[in-house]
Amino acid sequence: MEKLTTCEELVMKTIWDASEELSLTEIMQRVNEKYHKEWKPQTVSTFLARLVRKGYLQYYRKGRVFFYQTLVPLEEYRGQQAKEFVEFWHHGNADEFLRSLMTARELRVKETARIRKLIKEDL
């Protein structure tokens, strides 16, 4: 899986978060609103072209408008990112990662319960 730039991640996150396929204009509006950008259509179009080339998106034309579909599921990307993060920052130790997370912010009761359940299911 090819790495994404921060800007490409913002575009992909916007598309992953959408409940429907989006056009260039819709993607631009959502990115600008959510991430406080002032990107123009050409800028977003460049990022979309890169994401297509990297295999994250495909597009189709409906009339004069192009719509974008994800090829890489969010869970797959998040999993790869998490794996790389744990490998790089915590030398591959998930327990060190959890310790860092717990010192960065207090886990909610529901989060702790879900983590315990995941650990029990894995055994």
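This briefing covers the sheet, the helices, the nonpolar core and the salt bridges of one predicted model.

Local features need pLDDT of at least 70 and side-chain atom pairs count only at pLDDT 80 or more, while totals for chains, interfaces and linings use all residues. Residues are numbered from 1 along each chain as its sequence is written, and side-chain values use heavy atoms, with hydrogens and water left out. Helices (H or I, at least four residues) and strands (E, at least two) are DSSP runs, numbered from the N terminus.

**Sheet**

- Three strands form an open sheet in the order β1-β3-β2, with antiparallel pairing. Two strands count as paired if DSSP finds at least two bridges between them.
- β1 (22-23) and β2 (57-62) are the edge strands, since each pairs on one side only.
- In general, strands of a sheet pair through backbone hydrogen bonds, either parallel or antiparallel.
- β2 and β3 (residues 65-70) are antiparallel and share six bridges. Lys 62 has Val 65 in β3 as its bridge partner. Gln 58 stands opposite Gln 69 in β3.
- The hairpin of β2 and β3 has two residues between the strands. Gly 63 in this hairpin takes a positive phi near 70°.
- β1 and β3 run antiparallel and are joined by two bridges. Leu 22 has Tyr 68 in β3 as its bridge partner.
- α3 lies across β2 and β3 and runs at about 120° to β2. Axes are lines fitted to C-alpha atoms, for helices over the stretch in contact, and angles run from 0 to 180 degrees between N-to-C directions.

**Nonpolar core and buried residues**

- The largest nonpolar core has 21 residues. Such a core is a set of buried Ala, Val, Leu, Ile, Met, Phe, Trp, Tyr and Cys residues joined through side-chain atoms within 4.5 Å. Buried means under 20% relative accessible area, exposed means over 50%, and partly exposed lies in between (1.4 Å probe, protein chains only).
- Val 11, Ile 27 and Leu 48 touch the most other members of this core.
- α1, α2 (24-35) and α3 (41-53) each supply at least two residues of this core. α1 gives the most, with five residues.
- Ile 27 is in contact (heavy atoms within 4.5 Å) with Val 11, Thr 14, Ile 15, Leu 22, Val 44, Leu 48 and Tyr 68, leaving aside its neighbours within four places in sequence.
- Thr 14 lies in helix α1 and is buried, at 6% relative accessible area. Not counting residues up to four places away in sequence, Thr 14 touches Leu 22, Ile 27, Arg 30, Val 31 and Tyr 35.
- Leu 4 sits in the segment before α1. Leu 4 is buried, with a relative accessible area of 12%.
- Beyond residues up to four places away in sequence, Leu 4 touches Glu 9, Met 12, Leu 51, Lys 54, Tyr 56 and Tyr 77.
- Leu 4 and Ser 45 are 41 residues apart along the chain, and their C-alpha atoms are separated by 15 Å.

**Salt bridges**

- The whole structure holds nine salt bridges. Each is a side-chain nitrogen of Lys or Arg within 4 Å of a carboxyl oxygen of Asp or Glu.
- Glu 84 and Lys 3 form one of them, at 2.6 Å, N to O. Glu 84 lies in helix α4 (residues 74-90) and Lys 3 in the segment before α1 (6-17), so the pair ties together parts that are 81 residues apart in sequence. Glu 84 is partly exposed at 27% relative accessible area, whereas Lys 3 is exposed at 59%.
- Arg 78 and Glu 75 form another, at 2.0 Å, N to O. They are three residues apart in helix α4, so about one helical turn separates them. Arg 78 is partly exposed at 46% relative accessibility, and Glu 75 is exposed at 52% relative accessible area.
- Arg 108 bridges to Glu 111, with the closest N and O atoms 2.8 Å apart. Arg 108 is exposed at 53% relative accessibility, but Glu 111 is buried at 13% relative accessible area.
- Lys 13, Asp 17 and Lys 34 are linked in a network of salt bridges.

**Helix α6**

- α6 (residues 109-122) has 14 residues and should span 20 Å at 1.5 Å a residue. The expected span is 1.5 Å times one less than the number of residues. The end C-alpha atoms of α6 are 20 Å apart, which agrees.
- One of the 14 residues of α6 is buried, so this helix lies largely in the open.
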